[in-house]
Amino acid sequence: MSGVILDCDTGIDDALAIAYAAGAGVPLTACTVVHGNVPVDLGSRNTVTVLDAVGLDGVPVYRGASRPMAQELMTAEHVHGQDGLGDAGIEPSARAVAGDLAAVRIVELARAHPGELSIVAVGPLTNIALALLLEPRLPELVDQVVIMGGAVGAVGNASETGEANIWHDPEAAQVVIDAPWDVVFVGLEATMRTPLTQEQLARIERSEDPRAQLCWRVLQHYLDVYENVLGERSCVLHDPLALVLAVEPGLATYRTVRAFVELGRGGTRGMLVGDLRGFRPDPEDPRAPGVIRIVDTLDTVAFHDRFLAAIGA
Ligand code: BDR
Ligand code: CA
């Protein structure tokens, strides 16, 4: 893996993914930021803050889209705290963002490093869709695309059927699905299999590693939220799973499915629908427009090992 563009809406679990990147030596070329968990200005500030806190102060941050393509901006402070980092008193970094127009930057980086970069998108897909509209050859220019998004065959989190990253910009997600690239959607059907055990949480709490200590601080709000979902004081690791699978795809097996996003204005708007009916053969070419890959089986033990080792817990 020669370079990663992490497109994020930092965000508690985005912060955990960045902490993993630092410890695992993931070669982050840039972070691009999108509206989502919080407004894009705050998400950009948080991205700089977390990068700096985990020793990645050389990674440039580019501010991107401030709202979805065809609906009002909606944010998720109830999940991530008013400051997006769990209201844990994390001191904002003073480092300036490197620029705005994140979608343009994605195109420029892909053109400068043809066939080399991975795009890992862990927020709403507005920046990625804009980049595709600006440069239709983007699929030829990148190495791999891994997205945290969707809930294929599973319940949603932002709505009964909608996973937050898709629900926050359904039209953008459809643009990404229609592009002729092999894109992996790591959805709630996979990420909800990753609750941390009490013993693992205790390891994070006890660790003296600065990465683990940052994670522990931002996690408290997340644990409050997920206690109501999981029935115990734990949480799942959405964005870290997408990044870990970009680094080590072999920790999961995948299924190739036809997919679309529900774009109507009713209650199922923002649902990622994957055709799981089991007719064989499955689509053979994951690059075909309207075809994606989703996670089938996941080595959760190995995933937890990778994440905890990288944050020093
Ligand atoms: C996704 O939505 C956001 O709240 C998280 O950061 C994650 O990317 C989970 O549905
Ligand atoms: Ca996110």
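Glutamate 248 is partly exposed, with a relative accessible area of 26% (buried means under 20%, exposed over 50%, partly exposed in between, with a 1.4 Å probe and protein chains only). This is a predicted model, in which local features need pLDDT of at least 70 and side-chain atom pairs count only at pLDDT 80 or more, while totals for chains, interfaces and linings use all residues. Residues are numbered from 1 along each chain as its sequence is written, and side-chain values use heavy atoms, with hydrogens and water left out.

**Salt bridges**

- The model contains 14 salt bridges, each a side-chain nitrogen of Lys or Arg within 4 Å of a carboxyl oxygen of Asp or Glu.
- Glutamate 248 pairs with arginine 306, with 2.6 Å between the closest N and O atoms.
- Because glutamate 248 lies in the loop between helix H12 (238-247) and E7, and arginine 306 in helix H13 (residues 300-311), this pair ties together parts 58 residues apart in sequence.
- Arginine 306 is partly exposed at 32% relative accessibility.
- Asp41, Arg63 and Asp100 are joined into one network by salt bridges that share partners.
- Within it, arginine 63 and aspartate 100 have their closest N and O atoms 3.9 Å apart; arginine 63 belongs to strand E3 and aspartate 100 to the loop between helix H3 (77-80) and H4, 37 residues apart.
- Arginine 111 and glutamate 135 form a salt bridge of 3.0 Å, N to O; arginine 111 is partly exposed at 49%, whereas glutamate 135 is buried at 6%.

**Sheet**

- Nine strands form an open sheet with mixed pairing, in the order E3-E2-E1-E4-E5-E6-E9-E7-E8 (helices, H or I of at least four residues, and strands, E of at least two, are DSSP runs numbered from the N terminus; two strands pair if DSSP finds at least two bridges between them).
- Strand E3 (61-63) and strand E8 (272-274) each have a single partner strand, so one side of each lacks a neighbour in the sheet.
- Strands E2 (residues 28-33) and E3 run parallel and are joined by 3 bridges, with valine 33 opposite arginine 63.

**Arginine 269**

- Arginine 269 is located in the loop between strand E7 (252-261) and E8, and is buried at 9% relative accessibility.
- Its side chain makes a polar contact of 2.9 Å with that of glutamate 171 (a pair of N or O atoms within 3.5 Å; within protein, one must be able to donate a hydrogen and the other to accept it, and residues adjacent in sequence count only if both atoms are side-chain atoms).

Key: Chains are lettered from A and ligands numbered from 1 in the order in which they are written.
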